[in-house]
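Please walk me through this structure.

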Amino acid sequence: MNNKTLISLIIAVLVVGGIWYFASQNKEVDTLEATKVRIGFLPILASLPLYVAEENGYFSEAGIEIEKTPFQTGEQLNDAFIRGDIDIAPENSLLPILRTELLNPGITKVYAPGDITKETPFATLIVKNSALINSLTDLENKKVGVFPGGTSKNLLRKFLDSKGVDTTKVEFVELPPTTQLQALSSDSINALLAFEPTTAIAIESGEYKKLYSGVWAEIMNHNPLGVAVISNKFIQEKPNLAQKTVGVFDKAHRFMRTNDQDTRAIIAKYVQLKPEIANKVVPLYFGQNKDVDSDLLQQFINLLVDISEIKGRVEAQNIIYKP
């Protein structure tokens, strides 16, 4: 074999080897992209399905690689969906999703509804033990702390109106969760509409009492104010991976309902609560994707229109994920 032939053979081997190497590298990248899911979440108790799925290894079992991004507000989380930065979220308020749907339809779909019931209340009016407030009408001429944004205030006003309270005499004070108990303790407010785990923390301290438990459930039983959401772009581009990911969260939702003590251990770990408080919180439970009730969701959407939280009607059927 002459030198020219040998050189040609070496070049050919290098070319074929290079093609094989880069093809294998691209295949690895394609495989990773085909199994990678970008999860946006709020670092709060309501994101419990994500914590359960992580702790129990459900993503690994399903062959899913996750990339997690925390957000501080539901609006920020919703904006990330609009930008296309995330694929799925374990929980967000229904409100920003509906507002986006009115302006720019088809960004997100609801794959599981939150299920706030009278047996599993999530919003509770609490007061100091020493407060001379023993009935809802005692809130007249008082200051009531609420979660920032108009939703909590408007829904609470509707609830109090239905109970015969003159809400024109109630001052609603918007407070972030980190300052709520401090404001109540210092008498900056007289009552607080508390969410979990703030309610459990307050009651466990022995300084506060429940004035009314289950405000959201009283407005509507099986209240779907909090929902699990998936990107429509993700559904369209990776339908199998989208369905598989929703299946992981469905599995986490079932675990939460059937393994209470193990779930509370996960709450203590991920929400960083003392075990005695984790044992008393009321988690936000979710239904299964296959059981999403469009009529119930529509009923709540209509309620939000009635209290002017959204400015137009959204058809529930149009925002439900149906694999």
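At roughly what angle do the axes of helix α11 and α12 cross? In this predicted model, the axes of α11 (residues 239-258) and α12 cross at roughly 110 degrees and come within 6 Å. Angles of 65 to 115 degrees count as roughly perpendicular, so α11 is roughly perpendicular to α12. From α11, the contact draws on F255, M256 and T258. Facing them in α12 are D260, D262, T263 and I266. By class, the residues of this contact divide into three nonpolar, two polar and two charged.

Now the sheet. Strands of a sheet pair through backbone hydrogen bonds, either parallel or antiparallel. Here five strands form an open sheet in the order β7-β6-β8-β5-β9. The pairing is mixed. β7 (171-174) and β9 (208-213) stand at the edges. Each has a single partner strand, so one side of each is left without a neighbour in the sheet. Neighbouring strands are turned by 30 degrees against each other on average, direction ignored.

Inside that order, look at β6 (residues 143-146) and β8. These two strands run parallel, and two bridges join them. V144 has A191 in β8 as its bridge partner.

Helices pack on this sheet too. Helix α6 (residues 150-162) touches β5 (123-128), β6, β7, β8 and β9. The direction of α6 makes about 150 degrees with that of β7. α8 also packs on the sheet, with β5, β8 and β9 as the strands it touches. Against the direction of β9, that of α8 makes about 135 degrees.

Next, the loops on either side of β8. The loop between α7 (177-185) and β8 holds D187. Phi of D187 is near 70 degrees, a positive value in a residue other than glycine. Past the strand, P197 is found in the loop between β8 (191-195) and α8 (198-205). The peptide bond from E196 to P197 is cis. Its omega is near 10 degrees.

Q272 sits in the loop between α12 (260-270) and α13 (275-278). Phi of Q272 is near 60 degrees, again a positive value in a residue other than glycine. Is the side of the chain at Q272 buried or exposed? Q272 has 70% relative accessibility, so this residue counts as exposed.

Key: Residues are numbered from 1 along each chain as its sequence is written. This is a predicted model: local features need pLDDT of at least 70, side-chain atom pairs count only at pLDDT 80 or more; totals for chains, interfaces and linings use all residues. Side-chain values use heavy atoms; hydrogens and water are left out. Helices (H or I, at least four residues) and strands (E, at least two) are DSSP runs, numbered from the N terminus. Buried means under 20% relative accessible area, exposed over 50%, partly exposed in between (1.4 Å probe, protein chains only). Two strands pair if DSSP finds at least two bridges between them. Axes are lines fitted to C-alpha atoms, for helices over the stretch in contact, and angles run from 0 to 180 degrees between N-to-C directions. Contact means heavy atoms within 4.5 Å. Angles under 35 degrees count as roughly parallel, over 145 as roughly antiparallel, 65 to 115 as roughly perpendicular and the rest as oblique. Ala, Val, Leu, Ile, Met, Phe, Trp, Tyr, Cys and Pro count as nonpolar, Asp, Glu, Lys and Arg as charged, and the others, Gly among them, as polar.
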